[in-house]
Amino acid sequence: MTVVLSQLFTGISIGAVLLLIALGLSLTFGQMNVINMAHGELIMFGAYTVYVLQKVISGAGISLLVALPVAFVIAGLMGVLIEVLLIRRLYARPLDTLLVTWGVSLILQQAARDVFGAPNVQTRAPELLTGSIHLTDDLVVSSSRLFILVLALTAVGALSVVLKVSPLGRRIRAVVQNRDLASVSGLATGRVDRLTFFIGSGLAGIAGVALTLVGPIGPTMGTNIIVNAFLVVVVGGIGQLKGTVIVAFALGVVQSMVEYTTTVSVASVIVFLVIVAFLQWRPQGLFTLRTRSLA
Amino acid sequence: MAAFATLTACGAKTSDSTSSSAAGATIDTSGSSVKVGLLNSLSGTMAISEVTVRDSLKLAIDEINAAGGVLGKQIEPVSEDGASDWPTFAEKSQKLISQDHVAAVFGCWTSASRKAVKPVFEKNKSLLFYPVQYEGLEQSPYIFYTGATTNQQIVPGLDYLKAQGKTSLYLVGSDYVFPRTANKIIKAYATANGMKVLGEDYAPLGSTEFSTIVNKVKASGASAVFNTLNGDSNVAFFKEYKSAGLTAAAMPVVSVSIAEEEVKSIGTQYLAGQLTAWNYYQTTPGAANEKFVKAYKAKYGADKPTSDPMEAAYTSVYLWKAMVEKAGSFDVEKVKAAAAAGGITYDAPEGKVTVDGPTQHIFKTARIGKIGTDGLITEVWNSGEPIKPDPYLKGYPWAAGLS
């Protein structure tokens with residue numbers, strides 16, 4: 001029983017990591033149809049932000065807290081820069097965004113290598129987050145994983161509030177559902193696009209901060225996780241926040257449960273098979289967007 | 001003295017430039033210097049480890065040059081980047097042999113890169129010095145192995161655990177040739193020595209998700225973990241290990257590919273108290289090591305640690321020098337013959353090492369170390385004397401049928 005519970009928590013925590021890295025993507029890819037291959041590098045920006053801040057601020061806990069907003073803004077501005085310089089010209093050609101942002105991601109990786117060196121680096125985790133919490137004698141929950149879970153849920157909550165309640169959210173949804181109609185209705189779609197990109201990329205920065213608690217920080221850390229993030233968004237249903245949330249946790253739990261009884265590689269294969277089978281059944285993903293556009 | 005050096009240089013020129021073997025490996029000894037190749041990954045995922053080896057090779061070459069060179073010739077290193085890509089390693093080794101006419105090549109790290117270049121060196125009858133511990137079960141007439149083979153690292157590691165009363169093991173490794181072969185050997189050892197292997201898990205190279213594996217390790221209740229994870233995966237593994245409440249006191253982890261450089265980047269807060277099995281640590285006592293550490297830090301920075309593969313690389317250059325001097329020639333076949341005749345030794349930082357003629361491996365002292373809070377590793381046990389290399393584990397009855 002303890003094993004099942006602790007694996008369940010492991011699955012949820014894997015899901016929380018998946019959710020954090022997929023959240024920003026569900027905005028830029030899901031809502032805007034931009035295949036941003038540089039999303040992983042924006043996550044890397046967030047992670048290196050913690051690293052740089054720790055050189056200035058010695059307290060690991062304070063630097064982590066400061067890093068959250070700073071990484072959000074830095075990654076967000078970087079995203080806006082990519083949007084303004086490149087993606088803006090390609091909204092009519094979604095597949096070309098893949099090629100262009102792939103190039104951007106290679107440039108950013110090399111830039112990171114030049115600035116921080118090829119070897120991966122480490123940050124110090126706050127003492128509070130290196131330990132674990134004993135729920136029962138046997139059931140131990142890692143504090144850093146718990147922190148990531150809370151962070152992911154907070155980010156989802158904040159994002160859904162913005163999308164549902166705020167005027168900006170209404171504009172984003174209007175542009176997503178029918179860009180032309182929104183435009184002739186007097187919405188500055190260009191400005192909305194930029195803000196959407198800012199938020200989506202900023203969330204990647206937050207994910208990067210969280211990932212420093214799990215593993216190493218390096219120039220190629222983005223490429224390793226970007227595929228999983230796309231999977232979550234596609235299976236969740238493009239443009240669907242709740243789909244992203246449900247699928248992230250579901251995949252995490254399936255992965256951890258299968259992994260416990262088999263091996264890491266077998267579990268990855270089974271997760272992929274589940275995804276393929278699911279997309280045969282529902283190619284549009286778990287949830288679909290009802291849109292007034294003709295496409 | 002200078003005049004004498006010039007004289008011997010001239011002598012070497014006339015005797016050597018004509019003695020190159022017909023089969024391809026021509027060594028250019030016509031000038032006042034002789035070229036050697038340094039083949040390491042200076043970019044890509046292995047750069048973190050291999051750049052330190054390259055630096056260490058350069059240190060040895062500089063020292064030898066400052067002391068008058070080899071057979072009166074200065075050593076001129078030609079450095080090539082293997083780029084963590086095995087076909088590139090093969091390509092670059094061919095280039096070093098046929099274009100630069102090097103006398104020997106020093107380098108390679110992963111078993112995959114070594115397997116890729118092996119046929120190139122054998123075809124050209126040229127020499128490779130390989131400085132990293134590996135999984136054994138290999139021997140090539142054109143490779144000198146200066147890192148440990150399994151009976152000089154893994155087997156002593158297991159002996160140590162057994163002596164500590166650890167009766168059950170959990171094996172965690174990266175999913176490629178070295179950990180899988182090593183674990184086969186560990187399982188055979190365990191069966192023969194009354195130890196139990198309670199589980200075995202592999203993570204893809206570069207994987208950073210270890211929560212399930214750590215849960216399995218914890219649930220198994222094993223008395224120790226044998227870790228053959230490579231590179232960055234160790235960072236995620238040890239973070240998870242600590243988070244799960246597992247400690248070095250209750251369930252120690254013995255690692256065979258974490259050295260000082262990696263300890264620094266993983267973080268001592270996760271590693272303090274854990275064990276490693278190697279042949280050399282920065283803290284290994286002795287005048288030769290003090291000199292090596294001092295020279296390395298003076299050249300590359302006071303915060304740069306020295307590690308086992310670096311030491312094996314440094315030593316390999318001196319061993320080559322000793323062989324060449326004994327042979328009185330740079331000719332590959334003569335150098336090999338000098339090594340085969342025996343008696344090639346060197347007072348290495350790890351202690352006295354001797355080349356074993358028949359296997360072209362070297363006698364090495366095994367050392368178990370404990371990682372300290374300062375990031376350095378201190379020895380808790382050593383084999384007392386250098387262990388004879390046994391790449392095919394012929395001397396161990398339980399290993400019959402492994403190769």
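Helix α11 of chain B, residues 287–300, has 14 residues and reaches 20 Å from its first C-alpha to its last, close to the 20 Å expected at 1.5 Å a residue. The structure described here is a predicted model.

**Helix α11 of chain B**

- The buried residues of α11(B) are B:Asn289, B:Phe292, B:Val293 and B:Tyr296.
- Exposed residues, namely B:Ala287, B:Glu290, B:Lys291, B:Lys294 and B:Ala298, are carried on the face of α11(B) turned away from its buried side.

**Chain A: annotated segments and helix α9**

- An unreviewed UniProt entry annotates residues 6–27, 34–54, 60–86, 146–163, 195–214, 226–254 and 260–281 of chain A as "transmembrane region".
- Over residues 34–54 of chain A, the chain is 76% helix and 0% strand, with end C-alpha atoms 33 Å apart.
- Over residues 226–254 of chain A, the chain is 86% helix and 0% strand, and the end C-alpha atoms are 19 Å apart.
- Helix α9 of chain A (residues 189–211) should span 33 Å, because its 23 residues are counted at 1.5 Å a residue; the end C-alpha atoms are 33 Å apart, which agrees.
- In α9(A), 18 of the 23 residues are buried, so this helix is largely enclosed by the rest of the structure.

**A surface patch on chain A**

- A nonpolar patch on the surface is formed by A:Met1, A:Leu5 and A:Leu8, which together have about 300 Å² of accessible area.
- A:Met1 is found in the segment before α1 (2–31) of chain A.
- A:Met1 counts as exposed because its relative accessibility is 73%, and the cut-off for exposed is over 50%.

**Salt bridges**

- Side chains of opposite charge can pair when their charged atoms come close.
- Over all chains, the whole structure holds 21 salt bridges.
- B:Lys115 forms a salt bridge with B:Glu138, with the closest N and O atoms 2.8 Å apart.
- This pair links distant parts of the chain, 23 residues apart: B:Lys115 is in helix α4 (residues 111–124) of chain B, and B:Glu138 is in the loop between β4 (128–130) and β5 (143–145) of chain B.
- B:Lys115 counts as partly exposed at 41% relative accessibility, whereas B:Glu138 is buried, with a relative accessible area of 3%.
- B:Glu122 forms a salt bridge with B:Lys118, the closest N and O atoms being 3.8 Å apart; both residues lie in helix α4 of chain B, 4 residues apart, about one turn of the helix.

Notes. Residues are numbered from 1 along each chain as its sequence is written. Chains are lettered from A and ligands numbered from 1 in the order in which they are written. This is a predicted model: local features need pLDDT of at least 70, side-chain atom pairs count only at pLDDT 80 or more; totals for chains, interfaces and linings use all residues. Side-chain values use heavy atoms; hydrogens and water are left out. UniProt positions are given in the numbering used here, feature names are shortened, and annotations may be inferred rather than shown by experiment. Helices (H or I, at least four residues) and strands (E, at least two) are DSSP runs, numbered from the N terminus. The expected span of a helix is 1.5 Å times one less than its number of residues. Buried means under 20% relative accessible area, exposed over 50%, partly exposed in between (1.4 Å probe, protein chains only). Patches are made of residues with over 30% relative accessible area and no salt bridge: like charges are joined within 9 Å, nonpolar side chains (Val, Leu, Ile, Met, Phe, Trp, Tyr) within 5 Å. Accessible areas come from the Shrake-Rupley method with a 1.4 Å probe; for residues, only the protein chains shown count as cover. A salt bridge is a side-chain nitrogen of Lys or Arg within 4 Å of a carboxyl oxygen of Asp or Glu.
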